[in-house]
Amino acid sequence: MAIKDLTQPQVERLLKKAQDYAVNPAKFYQHLNHIIVANLFFEDSTRTRFSFEVAEKKLGCHVLNFSAENSSMNKGETIPDTIKTLEQLGVKIAVIRHPDDHLLETLKNESSISFINAGAGKYEHPTQALLDLMTIKQEFGDLKNLTVSICGDIKYSRVARSNVHLLNMFGIKVNICEPEELRVKDATLDKLVTKKTIDEALPESDVIMLLRVQSERHDGQELNKAEYLKQYGLTAARLKKAKAKTIIMHPAPINRGVEIESDLVEHAKSRILKQMSNGVYMRMAIIDEIAGTM
Amino acid sequence: MAIKDLTQPQVERLLKKAQDYAVNPAKFYQHLNHIIVANLFFEDSTRTRFSFEVAEKKLGCHVLNFSAENSSMNKGETIPDTIKTLEQLGVKIAVIRHPDDHLLETLKNESSISFINAGAGKYEHPTQALLDLMTIKQEFGDLKNLTVSICGDIKYSRVARSNVHLLNMFGIKVNICEPEELRVKDATLDKLVTKKTIDEALPESDVIMLLRVQSERHDGQELNKAEYLKQYGLTAARLKKAKAKTIIMHPAPINRGVEIESDLVEHAKSRILKQMSNGVYMRMAIIDEIAGTM
Amino acid sequence: MAIKDLTQPQVERLLKKAQDYAVNPAKFYQHLNHIIVANLFFEDSTRTRFSFEVAEKKLGCHVLNFSAENSSMNKGETIPDTIKTLEQLGVKIAVIRHPDDHLLETLKNESSISFINAGAGKYEHPTQALLDLMTIKQEFGDLKNLTVSICGDIKYSRVARSNVHLLNMFGIKVNICEPEELRVKDATLDKLVTKKTIDEALPESDVIMLLRVQSERHDGQELNKAEYLKQYGLTAARLKKAKAKTIIMHPAPINRGVEIESDLVEHAKSRILKQMSNGVYMRMAIIDEIAGTM
C-alpha cells in the first residue's frame with residue numbers, strides 16, 4: 001500500500017475511524033481475535049513495531065514478531081516464498097518494513113495476505129503520513145487553505161514523500177525547506193511542492209513539520225549539529241516568525257538540538273506526542289479496514 | 001520425543017486429531033488457555049518457530065519465545081538448570097531446537113516439563129515427519145503399498161532420518177537418492193532403505209520428497225547449483241518419468257533451481273504449501289495430546 | 001523503585017498478596033487485561049524477563065518485549081524521550097533492567113508510566129530481595145531474631161545491596177562474607193552488616209544466601225573455580241556446621257562447583273527452586289499493587 005493507491009474517500013474513512021478510536025484511548029476492542037498479524041521488520045524500528053503491536057493487541061489480533069536479527073528467515077529463500085509460507089501458517093495481515101523501495105509491489109500478487117507498509121526504503125511511509133494528517137485535522141478541522149512546510153533531511157525521507165502525496169490529495173500547500181548539502185533532485189516531488197528556506201516558509205505555515213537528520217544514512221559524513229540547528233533547524237528565535245495558530249510536528253525519534261532546539265519539543269505549539277498516540281489509532285483503523293474486507 | 005518413542009496407534013491418533021484441526025483452518029480453539037509454552041530455539045528458525053507459535057496461539061496457550069541471540073540464558077548455567085528454572089516459572093511444555101543430536105534425552109528426567117523436539121542436530125525432526133505423513137495420508141488415504149523417495153542432502157538431514165523411521169513404521173517403502181559427494185554411511189538408516197539414483201527411483205515413486213541442500217553445513221565448499229540440479233535435482237524433464245498420481249514434497253525452505261527446478265514448486269503435483277499448513281495442525285495435535293496427559 | 005522507597009507496611013502487603021498467588025500456582029487471573037506492560041531489558045536477562053512475562057500474562061496484561069539487541073530503540077534519542085513515546089502508545093507499566101545505577105531516578109518524573117526496577121547497575125534489584133524475603137517468611141513464619149549470611153561476590157551484586165536494605169528494615173541481622181580479592185568498601189552497606197568469613201558465619205545463620213560469581217564483570221581476570229569453592233563457597237563439609245533449620249538460597253543462575261558444590265543445589269536445605277517460583281508470585285503482587293493505584 002502506498003499513498004497513491006488510496007482514494008480521498010478511503011483516507012477520509014480512515015481519519016474518521018481513527019478519530020473514533022482516539023476518543024476512547026484506554027479501550028481494548030478485541031473484535032479481531034481470529035486474525036493473525038505478522039510484523040516483519042527487515043529494518044530495526046522498535047518504536048514503529050511497538051505502535052503496530054499495541055494497535056494489533058487492542059483489536060485482539062494474534063501477533064507474530066520477526067526482526068532483522070533473526071536473519072535465518074530468508075536463508076536461501078526468496079521473500080515471496082517466505083510470504084507464501086506465512087500465508088499457509090494462517091497469517092492474514094503482514095506489516096512490513098524493508099530497505100527496498102518497491103518490495104511491496106512485487107509481493108502483492110503472490111498471496112492472499114494483505115500488506116501494510118511500515119516504511120519502504122526512502123520511498124513511502126504511508127501510515128506516518130496518515131497519522132500526521134489526522135493530527136492536522138484534529139487541530140484545524142477544515143483542511144482547506146492550509147500550508148505545511150516540511151523542513152530538513154528530505155533526501156532520505158520516506159516520511160516526506162508520503163506526506164507530500166497525501167497533503168496534495170487534500171489540496172494542502174506544501175513547502176519543502178532543504179539544507180543545501182542535502183538537496184535532492186526528485187522530479188515527481190518537485191512539481192508538487194514549493195521550495196523555500198525555513199525562514200521564508202515560517203510566516204506562512206500552519207504546520208512546521210521537522211524531519212530527523214538521518215545521520216546513519218550519510219556514510220560517515222560528520223554533521224556539525226550546532227551549525228545545522230542554526231542554519232536549518234527550528235529555534236526559539238525562528239519560531240517567533242510563526243503565526244499564532246501554527247503547530248510543530250516531527251515524526252520522531254528526535255535529535256534534540258539538531259533539527260529542533262530541545263526546549264521546543266515540549267513547547268505549547270508542539271504536537272509531537274499527539275502524533276505518537278494518533279499513530280496507534282490510525283494503525284488500528286487501517287488494520288480494521290483491511291480485516292473488514294476479508 | 002523421537003519418532004522411535006511413538007507407537008503406531010499414537011501416530012494414528014495424532015493424524016486423526018491434526019486432520020480434525022485442518023478441517024477448520026480458521027478456527028481458534030483456545031481451550032489450553034492455562035498452559036504456558038516456551039519456544040527455545042538454540043538454532044535460528046523463524047519459520048518453524050512461527051509454525052509452533054501459531055499452533056500454540058490457536059489453542060490459547062501463553063507463549064514465551066527464546067532465540068539463540070539472547071544468549072545470556074545459559075551464561076554460566078547448564079541447560080538442565082535452565083529447564084528447572086522454566087519449570088518453576090510455570091512452563092508446562094518446551095519446544096526445543098538445538099544443534100546437539102541427543103540433548104532431549106538428557107533433559108527428559110530433569111523436570112516435569114514435556115518436551116517437543118523441533119529439530120535436534122542431524123538426528124531427528126519428528127514434527128516434520130509427522131506433518132509429512134499427514135500430507136501423504138491426505139493424498140492417498142491408504143498408506144499401504146506406497147513408495148517414497150527421499151532425494152538430496154541426506155548427510156545433514158534430520159528430516160530424512162525422522163521420515164525414514166516413521167514411514168518404516170507404516171510399512172512404506174523408502175528409497176534414498178543421494179548425491180555422490182554427499183554420500184553418508186549410516187548403518188541404522190541403510191538397513192531401512194533402498195539406495196537408488198533419482199532417475200531409477202522416479203518411475204516407482206508415489207512421493208518424491210526433496211531435501212534442501214544445507215550449504216551452510218558444507219564448510220565453505222562451493223556448490224555448482226546448475227550442475228546439482230542437472231545431476232540430482234527434480235527437473236521438468238525428469239518429472240515426466242513419474243506416475244500420474246505421484247506428488248512432490250519438500251520440507252522448505254526451498255533453494256529454487258538447486259534441488260528443484262523453480263517452476264515445479266507451483267506444479268499441480270506439488271504439495272509443498274500443503275505441508276506448511278499441515279504443520280500448524282499437526283503441531284496443534286501434538287501440543288493438545290501432551291496437554292491432555294497433564 | 002528502590003527498596004528504600006518502600007515502607008514496611010507496603011512490603012508486608014506485597015508479601016501477603018504474593019503468598020495468596022502462591023497458594024494457587026496454576027491459576028491465571030486475567031483481571032488486568034486492559035493494561036499494557038513493556039519489558040525493557042537494556043541488559044540481557046532471559047530468566048528475569050521470563051519471570052516478569054509469566055507474571056504479566058497470568059494477570060492478563062498485554063506484553064511488549066524489548067531487549068538490548070534491538071538497539072535501534074534509542075538511536076539518536078534519549079531514554080526519557082523513549083519513555084514518553086511508550087507513554088503515548090498506551091504503556092502503563094515499564095519493567096526496566098539497565099546497567100546505569102540511577103537511571104530510574106532520572107525517569108520517574110518524565111511520564112505517567114510506573115516503573116519496576118528489574119535490576120539497576122550494581123545498585124538495586126528490589127524484586128529479587130522481595131522474593132527472597134517471601135521465601136524466608138515461608139520458611140520461618142516470624143522474621144524476628146533471624147540471621148542471614150550473604151556470601152560471595154558482593155562487589156558487583158545488586159542482589160546483595162537490595163537484600164541488605166530490606167532485611168535491615170525487618171530487623172534481621174545480616175552477615176557479609178566476602179572473598180578477600182573481591183572486597184569492596186561501601187560505607188552505606190558496611191554500617192548495616194557484620195563482616196565475617198563463611199566459616200564464622202555458618203553456625204549462627206538461619207539463611208546462607210550465596211551469590212553468583214559475576215565473572216563477566218571481572219575484566220578477563222581468570223578465576224580458579226576449585227580454589228574459590230574451597231575458600232569461599234558452600235561445600236558439604238562446611239554445611240555440617242549449619243543449624244538444623246538453616247536453609248540455602250541463591251538468586252541464580254548458579255555456577256555449580258564455584259560458589260556452591262553442585263550436589264548442594266538439590267540438597268533438602270536448598271530453597272533455590274522455591275525462590276524462582278516465588279519470583280513469579282511476588283512480581284504478580286507488585287504489578288497488581290501498581291495497577292491498583294492507577
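Me: Are the residues of strand β8 of chain C buried or exposed?
Reply: This is a predicted model. In β8(C), which covers residues 207–210, Val207(C) and Met209(C) point one way. Ile208(C) and Leu210(C) point the other way. Whichever way they point, all are buried.

Me: How many bridges join strand β5 of chain C to β8(C)?
Reply: β5(C) spans residues 147–151 and runs parallel to β8(C). Within this pairing, Ile150(C) has Met209(C) as its bridge partner. The number of bridges joining β5(C) to β8(C) is 4.

Me: In β9(C), which residue is the bridge partner of Met209(C)?
Reply: Strand β9 of chain C, residues 247–249, pairs with β8(C) in the parallel sense. That pairing has 3 bridges. The partner of Met209(C) in β9(C) is Met249(C).

Me: Where is Thr127(C), and is this residue buried or exposed?
Reply: Thr127(C) has its place in helix α5 of chain C, residues 126–140. A residue counts as buried if 20 or more other C-beta atoms lie within 10 Å of its own. Thr127(C) has 25 other C-beta atoms within 10 Å, so Thr127(C) is buried.

Me: Leaving aside neighbours within four places in sequence, which residues is Thr127(C) in contact with?
Reply: Thr127(C) also lies 9.1 Å from Ala2(C), C-alpha to C-alpha, although the two are 125 residues apart in sequence. Contact is judged on C-beta atoms within 7 Å. With neighbours within four places left out, the contacts of Thr127(C) are Ile116(C), Ala118(C), Met282(C), Arg283(C) and Ile286(C).

Me: At roughly what angle do the axes of helices α5 and α11 of chain A cross?
Reply: α5(A) covers residues 126–140 and α11(A) covers residues 272–292. Their axes come within 8 Å, and the crossing is right-handed. The angle is roughly 115°.

Me: How do the residues of the contact of α5(A) with α11(A) divide?
Reply: From α5(A), the contact includes Thr127(A), Leu130(A) and Asp132(A). From α11(A), the residues include Lys274(A), Met282(A) and Arg283(A). The residues of this contact divide into 5 nonpolar, 5 polar and 3 charged.

Me: What distance separates the centres of domain 1 and domain 2 of chain A?
Reply: Domain 1 of chain A is made of 3–121 + 279–292, and domain 2 of 126–275. Their centres are taken over C-alpha atoms. The separation is 26 Å.

Me: Which element gives the most to the side of domain 1 of chain A that touches domain 2?
Reply: In chain A, 19 residues of domain 1 are in contact with 16 residues of domain 2. On the domain 1 side, α1, β4 and α11 of chain A each supply at least two residues. By class, that side has 10 nonpolar, 6 polar and 3 charged residues. The element that gives the most, with 6 residues, is α1(A).

Me: Which element of chain C gives the most to the side that touches chain A?
Reply: Here 18 residues of chain C are in contact with 24 residues of chain A. β2 and α3 of chain C each supply at least two residues of the chain C side, which divides into 5 nonpolar, 8 polar and 5 charged. With 5 residues, the element that gives the most is α3(C).

Me: Where does the largest share of the side of chain A that touches chain B come from?
Reply: Between these chains, 18 residues of chain A are in contact with 24 residues of chain B. Both β2 and α3 of chain A supply at least two residues of the chain A side. The largest share is 5 residues, and the source is α3(A).

Me: Which are the edge strands of the open sheet in chain B?
Reply: The sheet has 4 strands in the order β2-β1-β3-β4, with parallel pairing. An edge strand here pairs on one side only. The edge strands of chain B are β2 (62–67) and β4 (114–120).

Me: In β4(B), what is the bridge partner of Ile93(B)?
Reply: Strand β3 of chain B, residues 91–98, pairs with β4(B) in the parallel sense over 5 bridges. In β4(B), the partner of Ile93(B) is Ser114(B).

Definitions and conventions
Residues numbered from 1 in each chain as written. Chains lettered and ligands numbered in written order. Predicted model: local features only at pLDDT ≥ 70, side-chain atom pairs only at ≥ 80, totals over all residues. Buried ≥ 20, exposed ≤ 12 C-beta atoms within 10 Å, placed from the backbone. Pairing = 2+ DSSP bridges. Axes fitted to C-alpha atoms, helices over the stretch in contact; angles between N-to-C directions. Left-handed = near helix turned anticlockwise from the far one by under 90°. Contact = placed C-beta atoms within 7 Å. Nonpolar A, V, L, I, M, F, W, Y, C, P; charged D, E, K, R; others polar. Domains from an automatic or database assignment.
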